[in-house]
Protein chains: 2
Amino acid sequence: MVGRGRSKDELFLGIDLGGTKIAAGVVDRGGRILARQYRQTEASEGPQAVLRCLIDATTQLLAADGIDLSRVSAIGVAAPGPIDARRGVVTAPPNLPGWHDVPLGRMIQEEFSLPTYLENDANAAALAEHRFGAGRGVDHMIYVTASTGIGGGFILDGRLYRGATGAAAEVGHMTILPHGPRCGCGNRGCLEALASGTAIAREARERVARGVPTLIAELAEGDLDRITAQMVAQAAEQGDAEAREIIETAMIYLGVGMANLVNVLNPQVLVIGGGLTKMGPRLFDPVRRAVDRQAFPATASAVEIKRAELGEEVGLLGAAAVAMAATE
Amino acid sequence: MVGRGRSKDELFLGIDLGGTKIAAGVVDRGGRILARQYRQTEASEGPQAVLRCLIDATTQLLAADGIDLSRVSAIGVAAPGPIDARRGVVTAPPNLPGWHDVPLGRMIQEEFSLPTYLENDANAAALAEHRFGAGRGVDHMIYVTASTGIGGGFILDGRLYRGATGAAAEVGHMTILPHGPRCGCGNRGCLEALASGTAIAREARERVARGVPTLIAELAEGDLDRITAQMVAQAAEQGDAEAREIIETAMIYLGVGMANLVNVLNPQVLVIGGGLTKMGPRLFDPVRRAVDRQAFPATASAVEIKRAELGEEVGLLGAAAVAMAATE
């Protein structure tokens with residue numbers, strides 16, 4: 001499907017379907033968000049209920065800001081992977097339990113009679129950081145989101161790289177430590193099992209359960225289930241040695257993973273986003289050191305390592321960027 | 001530079017400059033080698049001597065087969081990396097000691113007055129396997145050569161992927177085992193330090209030196225320096241338990257590396273070439289198992305794992321393929 005021209009005034013509808021939150025917004029080609037609406041994702045109520053909620057949010061969005069649907073060129077939808085971008089189908093996302101082969105793209109397209117493009121959320125975020133954020137103007141960019149999980153998206157030779165079945169950039173499931181801790185995917189020693197927020201919280205819980213003295217136990221008021229990566233980061237900030245060690249170890253593994261990606265893809269920019277980047281130098285310093293140590297000198301010096309710039313808006317801008325990229 | 005049309009009759013000159021051998025050949029677009037010449041690489045005599053030898057081989061090649069230079073559209077040169085493809089410069093290849101920033105592309109271009117394109121040998125081999133070998137007709141192909149070292153080249157979205165500085169696909173220097181054995185590059189636990197022919201021979205030498213009983217010691221007639229990966233493979237074939245264990249361990253790590261690449265790049269075909277593939281199922285079975293276990297099901301089932309098809313001719317065909325790809 002082809003867009004309706006390519007002016008600065010062109011508008012795009014972005015819909016970011018997350019595991020807990022739906023964001024819908026109207027975005028122009030410059031990345032300005034002209035209007036937005038948020039909803040809770042009632043994932044357990046099934047695709048039809050979520051679709052209704054999503055349509056409702058979009059309708060209100062247009063109404064509240066007096067935006068005529070005729071001004072919108074296309075719709076981009078970002079959804080948790082894995083998805084089949086070509087068919088516009090959400091296949092079996094772990095974050096949307098019970099969803100299976102849902103033709104979300106077609107359903108939205110039929111509702112609004114506009115060309116609709118579906119992409120997984122990490123690829124959408126990569127497109128947004130490339131277009132509006134930390135990767136502006138470069139041809140080769142690796143985007144990694146380090147949060148509860150670890151995901152990624154690649155811009156190679158100026159375009160989103162999807163691979164054979166749209167599943168490229170599964171950076172969280174590179175094996176970094178053979179025989180390492182068990183990952184949610186069933187394997188051992190995946191990057192996600194070593195360096196994600198989930199991994200950091202798990203390691204902290206194990207230490208607290210063993211009775212290791214640490215501020216983390218106090219912050220969680222002794223309740224193992226309340227321990228989060230954020231709490232570990234907070235304890236580290238306050239000088240807690242255990243918390244610092246947990247984070248340092250996790251970030252060494254993150255560095256190994258990032259250096260491997262840099263060696264393999266030789267990018268100009270490595271953009272890291274996601275909740276863990278709030279740790280600032282505790283994340284970026286070890287990653288930079290690992291890249292400088294592990295990658296070849298010319299490759300290491302060619303890559304800039306940057307924090308993602310779009311923050312909370314990356315979901316909405318990513319969804320809109322999917323539509324923009326598809327209609328160029 | 002643009003080629004002179006694109007007919008079946010078009011001829012290309014391929015020059016493969018290896019650390020020990022120079023191959024020059026005339027190749028048509030179908031991948032038929034019409035003529036070829038070989039020389040020893042006297043790398044220690046410096047770039048000028050090698051250039052003279054290479055020019056001599058090429059001149060004789062054309063003369064012996066009565067091929068007029070005017071029928072040749074372009075010259076492709078494959079050389080050990082790292083090279084700077086854009087400037088046609090061999091920068092500092094470990095296999096050509098003493099070479100430093102040699103403008104080999106320009107030197108050959110001036111000699112023959114034909115457009116000349118330089119590429120690193122692994123990328124050239126990837127181009128050849130994609131065009132004439134195991135990767136024909138696919139858009140996303142990973143090529144890995146497992147030999148003394150481990151190198152690679154990627155065809156992504158139908159084209160050779162070079163990265164920001166032409167150094168992409170350094171697959172041998174992904175860290176597979178943090179704190180693992182020291183690699184020639186200075187780091188620890190690189191794929192090349194765990195799964196290359198050099199790594200296999202090193203592990204065998206260490207075991208023989210420790211006095212572990214193994215057929216390898218007999219095959220090498222007690223001389224540690226004579227131990228090669230080929231010898232270890234031979235001992236394994238004859239049922240030697242130590243040799244089998246060395247190879248099995250190395251191939252488990254090769255599998256980890258290949259699975260990581262598959263997860264990251266989601267290719268249709270993973271082509272493995274190089275001397276180690278002579279081991280057949282001892283290499284391919286563990287790689288297949290690792291990919292099936294570590295990659296996501298849809299990604300694993302999308303990728304065919306194949307042995308490279310061009311054998312000894314991959315160097316020459318690769319060099320010619322560089323010229324073909326550059327003039328399309």
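This is a predicted model: local features need pLDDT of at least 70, side-chain atom pairs count only at pLDDT 80 or more; totals for chains, interfaces and linings use all residues.

In general, a rotation about an axis and a shift along it relate two copies of a chain.

**Contact between the chains**

- Chain A contributes 34 residues to the contact, and chain B contributes 34 residues.
- On the side of chain A that touches chain B, at least two residues come from each of α8 (241–265), α9 (281–294) and α10 (297–302) of chain A.
- The most is given by α8(A), with six residues.
- By class, the residues on this side of chain A are 19 nonpolar, 12 polar and three charged.
- The copies meet through the same surface, because 100% of the interface residues of chain A are also interface residues in chain B.

**Helix α5 of chain B**

- Helix α5 of chain B runs over residues 197–209 and has 13 residues.
- From its first C-alpha to its last, α5(B) reaches 18 Å, close to the 18 Å expected at 1.5 Å a residue.
- Its buried residues are B:G197, B:A199, B:I200, B:A201, B:E203, B:A204, B:R207 and B:V208; B:E203 and B:R207, both in this list, count as charged.
- The cover over the buried residues of α5(B) includes α4 (191–195), α6 (215–219), α7 (229–237) and α8 (241–265) of chain B.
- After α5(B) comes B:G211, with a positive phi near 85 degrees.

**Helix α7 of chain B**

- In α7(B), the buried residues are B:A229, B:M231, B:V232, B:A233, B:A235 and B:A236.
- These residues of α7(B) are covered by elements including α5, α6, α8 and α9 (281–294) of chain B.
- α7(B) is among the elements that cover the buried residues of α5(B), and α5 in turn is among those that cover the buried residues of α7(B).
- B:G239 follows α7(B) and has a positive phi, near 95 degrees.

**Strands β2 and β3 of chain B**

- Strand β2 (residues 21–28) and strand β3 (residues 33–40) of chain B pair in the antiparallel sense, with seven bridges.
- B:G25 has B:R36 of β3(B) as its bridge partner.
- The hairpin of β2(B) and β3(B) has four residues between the strands.
- In this hairpin B:G31 takes a positive phi near 90 degrees.

Terms used. Residues are numbered from 1 along each chain as its sequence is written. Chains are lettered from A and ligands numbered from 1 in the order in which they are written. Two residues are in contact if their C-beta atoms, placed from the backbone, lie within 7 Å. The expected span of a helix is 1.5 Å times one less than its number of residues. A residue is buried if 20 or more other C-beta atoms lie within 10 Å of its own, exposed if 12 or fewer, and partly exposed in between; C-beta atoms are placed from the backbone. Two strands pair if DSSP finds at least two bridges between them.
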